[in-house]
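Morning, everyone. Please look at the sequence and the model as I talk.

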Amino acid sequence: MNKIEFLQKRPWLLHLLLMLGISMVLLFLIFLFIRIYARQGDEYELPDIVGMNIAEIEADNALGFRYVVQDSIFRPGNPGGIILTQDPKCGTMVKKGRKVYISITAYDAEDAVLPELAGLTVRQAISELYNVGLAVGTLKFVEDPYKNNVIDQTCKGKAAYAGQQIPRGTPIDLIVGLGDGTGANTVPFVIGKTADKARRALLQLSFNIGREHFKGVKNRETAVVYRQEPDYTGVNKYPYGTSVELWYIDADDTDVSKMVSSFKVDSSKIVRSEDDYSDGRPTPDQIDEMDREW
């Protein structure tokens, strides 16, 4: 009995073999389609697009990446469409047509409503301005019986009033009372902080932002402070309104946590005055002892 006669006498077996054959062909076609659709093994290195204009990269998009704008931030003096952040980061291996999530500078500044600031403390006024999308400019201290309280505000040298429509991101200068004229504070530790966090920490303690140095920095949004002047001592007190100068470095080029943890107070810069450490802060001799322990 040959194979044909064998199958003719057993039609159920012939049907089973046909079903198996058809199933294998279908599975092969499905896997082939998935491989083509997913472009397995076809990956490319995502370039660094931070600092570029979104219009330029979309015009020259050979790999078909899809750029999704998650946020737009107004930066006074900066053109719109400049890419501030990207996700995934540059160097990531991705497939053709991958979605890339970005934030860009806004083309136009949306208006914000200036809140009522008179009577608030400096810290409260700063929080109010940040909450509505406005920036803090300079703190100007004047004679007034109420210490560290906001008396008035100005915008670009002109009077500004609560309820006024002002473009988002515009700096608002605060006029603050000096009280008995002896207002002073210790400079906070801002090493390792981004520009936004460092500025806010200084302003909330009634210091002004001095010159900011970004030489060599590729991404100002993520850059961190590596040097400040006056230095942090935890002891020295400076008058309200003192300007603090800041130097920045790219966070990707340094170990930020190590930089912060390895920071040591320079005891030679501590002002040896009882008033500076009578509130429980370490004395210069104690600082020297801590340095030796390091």
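The structure holds 5 aromatic pairs; rings of Phe, Tyr and Trp (its six-membered ring) pair if their centres lie within 6.5 Å, and planes under 30 degrees apart count as stacked, over 60 as edge-to-face and the rest as tilted. One of the pairs is Y232 with F263: the ring centres are 6.3 Å apart and the planes stand at 55 degrees, so this pair is tilted. Y232 sits in the loop between β14 (224-229) and β15 (237-239), and F263 in the loop between α6 (256-261) and α7 (274-277), so the pair ties together parts that are 31 residues apart in sequence. Helices (H or I, at least four residues) and strands (E, at least two) are DSSP runs, numbered from the N terminus.

Before going on, the ground rules. This is a predicted model, in which local features need pLDDT of at least 70 and side-chain atom pairs count only at pLDDT 80 or more, while totals for chains, interfaces and linings use all residues. Residues are numbered from 1 along each chain as its sequence is written, and side-chain values use heavy atoms, with hydrogens and water left out.

Y232 is partly exposed at 27%, and F263 is partly exposed at 28%. Together with F189 they form one aromatic cluster.

Two arginines lie over ring faces. R200 is over Y130, at 4.4 Å from the ring centre, and R227 is over W247, at 3.9 Å. The rule is that NZ of Lys or CZ of Arg is within 6 Å of the ring centre and within 35 degrees of the ring normal.

How many disulfides are there? The count is 0, where a disulfide is a pair of cysteine sulfur atoms within 2.5 Å. As for cysteines, C90 is partly exposed at 40% relative accessible area, and C155 is buried at 14%.

Now the overall layout. The chain has 8 helices and 16 strands, and of its 294 residues, 31% count as buried.

Next, an open sheet of 3 strands with the order β13-β16-β14 and mixed pairing. Its edge strands are β13 and β14, each pairing on one side only. Two strands pair if DSSP finds at least two bridges between them. β14 and β16 are antiparallel, over 5 bridges, and Q228 stands opposite L246 in β16.

Helix α5 lies across β13, β14 and β16, and runs at about 165 degrees to β16. Axes here are lines fitted to C-alpha atoms, for helices over the stretch in contact, and angles run from 0 to 180 degrees between N-to-C directions. Among the buried residues of α5 (residues 195-204) are A195, A198 and L202. What covers its buried residues includes α4 (122-131) and β7 (135-142), with contact meaning heavy atoms within 4.5 Å. Just after α5, S206 takes a positive phi of about 70 degrees.

Last, another open sheet of 3 strands, in the order β2-β5-β3, with mixed pairing. The edge strands are β2 (66-73) and β3 (83-87). β3 is joined to β5 (residues 99-105) by 4 bridges and the two run antiparallel. I83 has I104 as its bridge partner in β5.

Note on methods:
Buried means under 20% relative accessible area, exposed over 50%, partly exposed in between (1.4 Å probe, protein chains only).
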